[in-house]
Amino acid sequence: SWTNKLVLPIHRMPESVIDSRWLLYRPGYLQQIGAEFFAYGASLKFCGRMVGKRYLLEANTKWTEPYSIWDVAASYGFGFWMTKISAIVSVENLFDEEYQILDGYPMPGRHYSAGIQFSYEKNIINN
């Protein structure tokens with residue numbers, strides 16, 4: 001899947017000093033792309049977000065840098081009786097991108113997670 005949002009975040013305030021300037025904290029573009037693959041009870045998922053610069057001052061003289069974040073997750077699950085057990089591992093911010101959503105507050109770098117999920121379903125299909 002892929003989504004692309006191109007916006008024109010511009011003030012429309014005639015006779016104002018901020019007329020035709022970009023709105024604060026709104027990026028000019030936001031793209032998301034993802035793919036998920038399934039086979040024999042396993043899945044592999046990729047997800048990416050690309051965000052354009054966002055202005056921090058009404059004069060449009062200070063902004064946050066554009067950034068791209070990529071995540072990946074893998075899981076394997078199997079079912080028996082009415083229970084499904086899945087093992088899940090993921091890496092967020094795969095390429096350890098340095099970025100800020102708010103100026104002066106850096107977001108976390110690459111991080112990992114792992115878990116086991118148990119689910120109970122009345123009519124589970126072994127996959």
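Me: Which residue in strand 6 is the bridge partner of Ser 43?
Reply: This is a predicted model, so to speak from the start: local features need pLDDT of at least 70, side-chain atom pairs count only at pLDDT 80 or more, and totals for chains, interfaces and linings use all residues. Residues are numbered from 1 along each chain as its sequence is written, and side-chain values use heavy atoms, with hydrogens and water left out. Strand 3 (residues 42-51) and strand 6 (residues 67-80) run antiparallel, joined by 10 bridges (strands are DSSP runs of E, at least two residues, numbered from the N terminus; a pair needs at least two DSSP bridges). Across from Ser 43, the partner in strand 6 is Ser 75.

Me: Which residue of strand 7 does Gly 77 stand opposite?
Reply: Strand 6 also runs antiparallel to strand 7 (residues 83-92), with 9 bridges. The two make a hairpin with 2 residues between them, and Trp 81 in the turn has a positive phi of about 45°. Opposite Gly 77 you'll find Ser 86.

Me: Is Tyr 120 buried or exposed?
Reply: Tyr 120 sits in strand 10 (residues 111-120). The cut-offs are under 20% relative accessible area for buried, over 50% for exposed and partly exposed in between (1.4 Å probe, protein chains only). At 60%, Tyr 120 is exposed.

Me: What is the phi of Glu 15, roughly?
Reply: Glu 15 is in the loop between strand 1 (2-6) and strand 2 (29-39). The residue is exposed, at 86% relative accessible area. Though not a glycine, Glu 15 has a positive phi of about 65°.

Note on methods:
Helix = DSSP H or I, 4+ residues; strand = E, 2+ residues; numbered from the N terminus.
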